[in-house]
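Please keep the sequence and the coordinates at hand while reading.

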Amino acid sequence: MPSIVKPVATHPSLQRNELGFTVRDYEGGMSTLCAGCGHDSITAAIVRALWELAVPPHMLAKMSGIGCSSKTPAYFVSGAHGFNSAHGRMPAITSGAAAANRTLTYIGVSGDGDSLSIGLGQLCHAIRRNVPMLYVIENNGVYGLTKGQFSASADIDSKSKRGEPNRMAPIDPVTLALNLGATFVARSFSGDKEQLVPILKAAFVHRGFALVDVISPCVTFNDHSSSTKSYLYTRKHKVEATESNFVPKAQEIVAHISPNGHGANVTMHDGSVVRFTSLPANYDPTDRTRVMDYLQQHTGTGEVVTGLLYVNPSVPDMHEMNKTPDIALTEVPFEKLCPGAEVLDKLQEDWR
Amino acid sequence: MKLLPFPLGSIPGSEAGSARGPDKAQEAWPKRPGRTRALKPTDVRDPNYFHRVVDCQWACPAHTNVPEYIRLIAQGRYGDAYMINRESNVFPAILGRTCDRPCEPACRRGRLPEPGGDSQPVAICRLKRVAADLRGDISHRLPPVPAKKNGKRVACIGAGPASLTVANDLLPFGYEIVMFEKYDKPGGLMRSNIPSFRLPEQVLNDEVAMILDRGVEIRYNSPINSLKELLAQKFDSIFAGTGAPRGKDLELPGRQEAAARIHIGIDWLQSIAFGHIDSIGERVLIIGVGNTAMDCCRSSCRLGGKDIRVMARRPRGFFKASPWELDDAEEEGVQIVVNHAPKRFIVENGKLAGMEFERVEWDAGARKSTTIDTVTIPCDDVILAIGQDNAFPWIERDLGIEFDKWGLPVVNETTYESTRPGVYFGGDAAFGPKNIIWAVEHGHQAAISIDNYCHKLPVGERPPATMNLVSQKMGISEWSYSNDYNPSHRQKMKHVDLVERFKKLNVEVELGFSAEQTAREVERCLNCDIETVFAEKRCIECDACIDVCPVQCLTITRNGEEEDLRGRLSAPAVNLDQLLYVSAALPQTSRVMVKDEDVCVHCGLCAERCPTAAWDMQKFELFISYAGEETCNKQHESVPA
Ligand SMILES: Cc1cc2nc3c(=O)[nH]c(=O)nc-3n(C[C@H](O)[C@H](O)[C@H](O)COP(=O)(O)OP(=O)(O)OC[C@H]3O[C@@H](n4cnc5c(N)ncnc54)[C@H](O)[C@@H]3O)c2cc1C
Ligand SMILES: Cc1ncc(C[n+]2csc(CCOP(=O)(O)OP(=O)(O)O)c2C)c(N)n1
Ligand code: SF4
Ligand code: SF4
Ligand code: SF4
Ligand code: SF4
Ligand SMILES: [Mg+2]
């Protein structure tokens, strides 16, 4: 019988992480996306990052909106929690979930349509709030799910599959996030897991909101020769502005080698370190203005600037800003959370 | 936490890529200086490449197309499955019970971890028996033997599997075969030594008759006592398939005095087979722990032995017997006694009373032993099963046939020709005792040589093997083979119960697989002949295949030397005998697609998830040439999987 179920067979030397799980234990259902979709590679990178970080599957919450990209949480970590929200509403739902249960690790997976059109306002406020989450934009320049209309990230003059040019200026999620005060901003490419996986790992441990914009070609509607979000275009124009490794907390940090340009170590809130092995001259990944300057200089060149571009682990996240209790609200007994009308009456009485 | 090396280097390789279809306008990827000793693209048109991926077929001395016959069994096409077998191994029913099965330790399934159990190969041999038992009448499918002969006469000495194979291969081409057999029945050791509780006489008779009844002139009770005389009879060619007929003796004190109760294993088994012996004492010691010893101890169980011990010099793990034969013997109550070195036969009142052994201790590799003490074990009979020797008293030494220092004829390993052109050796007679499947393969090869020799062609000119690759794609998510991975464990053979099986000497112990067992076991086969074939020009390096592969077979990386490249694979190979499949430079980045063939489960998901059909699943079929066949045009029925 023909089957498209992934065999349970594994490689004989498959390794286990410190929880005893293999990378296969972080997989989800079989993808129903088009074969060759960049989104599937990002899924594989997320699986990899979570396995390497040994995140317990039941401590993960996968959040998404609507779109091919928003379908992908079904394809990783079957054992995690998840919420598939209305179009563009994932940031609000995640803010609420994070407020209620701060013990979980949150990943939101969205598309350029879901985040930059209908959900743009939601995205902006999640950034402002510094909601502790990894926010992945699987950016293909089109609305894949609805058959390839231009999205707000499409470049001027890039053409649709039928040859129609795009006339409107794009919204760049990276510059947008920097402007709004985001504390972790990166861009990568679905076809480069060597770069993407360490960025995702750092983003997962980041104190607050981590935005990772991943160019993720839509093979069906936007991988043609006049697209600026195709595999070939991205490969040809991708510039690795920064090169970084993620060094987990317990691991010793070896003196960094910087083959071209200078390097830097940024210690994250939990004690792990992002080790930049290569940075452009005069570039400081913790200095927002310089990063914005650098990006400014590269706009309009056609280059796709990638890397972990900006990180600031010193800004308080949503919980710290709002002085929420250390204990997750989900752990507070019901009677205490909702002490009843009498207690409320008494409280109001006190303020009279 | 140790991390696996991550596969994807984003470093562009050396050569400029050829632009893919509509994107020709885009310039080539930036160049890097040329790299030395990068791996060359794999040539999948070399028949050996994919043959090697089909582990079982590669390991089988006769290269039986195992996955094909397993699929045919799955479809209930037992006759077809039998014919596929018969073409390469000639005796499927016999081998389905007795084969040494070198294919099974090689089977890919045995390298894959099974959830909650040991890794176990597919029960290839048992499935062969299923095909044979259920085949129905296939007599009309045997290659026809022409009434008009080709005028060439070939003498085969001995009627064992080697000679029978030579006859099988040459008959259809009009050869006259005259077979000389010392005894009054054909089959060689398959009849005289393999006990009927493992190989029923009827099964042996059937498959031998399939050859002899098609026109072999067989002369029983006709030992060849002089090769010179046979040569004088002007045969066009002579094949010696006389086996290794002499059992080794053990010259220890007491051997002569106790001779009446000391038996040479292979002679003793033959006496049972020919009805000359029907009993043995209650206490039996078997010296040696090879497969002959297993047949001796189990035969003793059936002839009145009660306390039967197989005395081994070395510890477990160093025995020559196949593990399944040891299991079967122990199931029948035989004791395997390790670390006992025989010292002398104890004779009392002119009769065998027991044997003295040194108890020994071995070093880790069981190379050096030290004696602990001496023990005596009383017994009524001793059976010596310590090996076989060749003997060629019937070959005069002045015929131009050279012998080596071990008394074996000097035989060419490819052509099986002796140092006298026209005289060939095969089976146990060629290189000492082996097994049936090797005897068959020697027979095939010798037949090719004889055919060449009779046609005045150089015997070294071997017909090449050819191959075919056919896509198995039927439609979206539809493959013509069962690509599903079945997690069932290997099916256990059921045996006749212990009381029943000892009632008669010839009760076949193994019951064969039930229909349910067969249905499960066939699905365990991974179809290693359905190959992943790569077309680099189509690849857009989207990683879909790499991400979906359940066993991390695939990597896109820059080319390099093999060792370096192996270090960059998604997962390290466990078995280095399997090769790397390396593509030419990929169009976008000039990196290469590398596939480690080691543990691919042939699930087809890489091809299923590839947007450009750069990967395809194609059925590999190897066409082996036999004697007399026009090379290349040999096409046996190709079956959709
Ligand atoms: C006890 C025992 C158990 C075995 N079990 C297995 C098993 O389970 N599976 C397996 O694969 N292999 C087994 N083998 C090995 C296998 O039987 C032999 O390797 C195989 O039969 C060799 O085939 P052959 O054609 O070379 O010679 P043989 O089978 O030995 O046949 C040689 C024939 O030549 C005849 N002959 C000899 N000299 C002359 C002469 N001068 N003139 C005329 N005729 C002559 C003999 O009578 C005999 O019939 C076993 C061997 C033994 C001893
Ligand atoms: C409220 C609402 N408006 C519009 C749609 C139609 N719709 C479905 S998916 C989608 C855009 C998806 O684009 P993107 O987020 O980029 O995802 P992709 O499929 O490209 O990964 C739209 C507009 C909808 N489902 N709901
Ligand atoms: S339509 Fe595009 S984005 Fe959606 S699954 Fe297909 S390739 Fe991916
Ligand atoms: S799995 Fe099947 S095809 Fe592969 S080696 Fe084993 S028996 Fe042969
Ligand atoms: S067929 Fe393809 S996907 Fe399946 S195991 Fe082999 S290489 Fe991997
Ligand atoms: S899925 Fe196909 S196109 Fe994509 S990397 Fe694999 S072979 Fe290349
Ligand atoms: Mg999109």
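B:Arg298, B:Arg302, B:Asp328, B:Glu331, B:Glu332 and B:Arg501 are joined in a network of salt bridges, a salt bridge being a side-chain nitrogen of Lys or Arg within 4 Å of a carboxyl oxygen of Asp or Glu. Over all chains, the structure holds 56 salt bridges. The model is predicted, and local features need pLDDT of at least 70, side-chain atom pairs count only at pLDDT 80 or more, and totals for chains, interfaces and linings use all residues; side-chain values use heavy atoms, with hydrogens and water left out. Residues are numbered from 1 along each chain as its sequence is written, while chains are lettered from A and ligands numbered from 1 in the order in which they are written.

Two further salt bridges of chain B can be examined individually. B:Asp295 pairs with B:Arg198, with the closest N and O atoms 2.6 Å apart. B:Asp295 belongs to helix 13 (residues 291-302) of chain B, whereas B:Arg198 is in the loop between helix 9 (189-192) and helix 10 (201-212), so the pair ties together parts that are 97 residues apart in sequence. Helices here are DSSP runs (H or I, at least four residues), as are strands (E, at least two), numbered from the N terminus. Both B:Asp295 and B:Arg198 are buried, where buried means under 20% relative accessible area, exposed over 50% and partly exposed in between (1.4 Å probe, protein chains only). The other salt bridge joins B:Arg71 to B:Glu68, its closest N and O atoms being 2.7 Å apart. Because B:Arg71 and B:Glu68 are three residues apart in helix 3 (residues 66-74) of chain B, about one helical turn separates them. B:Arg71 and B:Glu68 are both buried.

Where do charged side chains meet between chains? A:Lys193 forms a salt bridge with B:Asp547, with 2.7 Å between the closest N and O atoms. This pair crosses from helix 7 (residues 193-205) of chain A to helix 19 of chain B. A:Lys193 counts as buried because its relative accessibility is 2%. Across the interface of chain B and chain A, the rule finds three salt bridges. It also finds 15 residue pairs in polar contact there, both residues at pLDDT 80 or more; a polar contact is a pair of N or O atoms within 3.5 Å, and within protein one must be able to donate a hydrogen and the other to accept it, while residues adjacent in sequence count only if both atoms are side-chain atoms.

Strand 18 (478-479), helix 19 (544-548) and helix 21 (605-609) of chain B each supply at least two residues of the side that touches chain A. The contact, meaning heavy atoms within 4.5 Å, takes 52 residues from chain B and 47 residues from chain A. Together the chains bury about 4,300 Å², 57% of it on carbon and sulfur atoms; buried area is the accessible area (1.4 Å probe) that two parts lose on being put together, summed over both.

The ligands remain. Of the 33 residues around ligand 1, B:Thr98, B:Glu181, B:Leu189, B:Arg198 and B:Asp428 come nearest, a residue being near if one of its heavy atoms lies within 4 Å. A nitrogen atom of ligand 1 is 3.0 Å from a polar backbone atom of B:Ile224, and a backbone N or O atom of B:Lys182 lies 3.1 Å from a nitrogen atom of the ligand. Ligand 6 is surrounded by 15 residues, with B:Cys539, B:Ile540, B:Cys542, B:Cys545 and B:Cys610 the closest.
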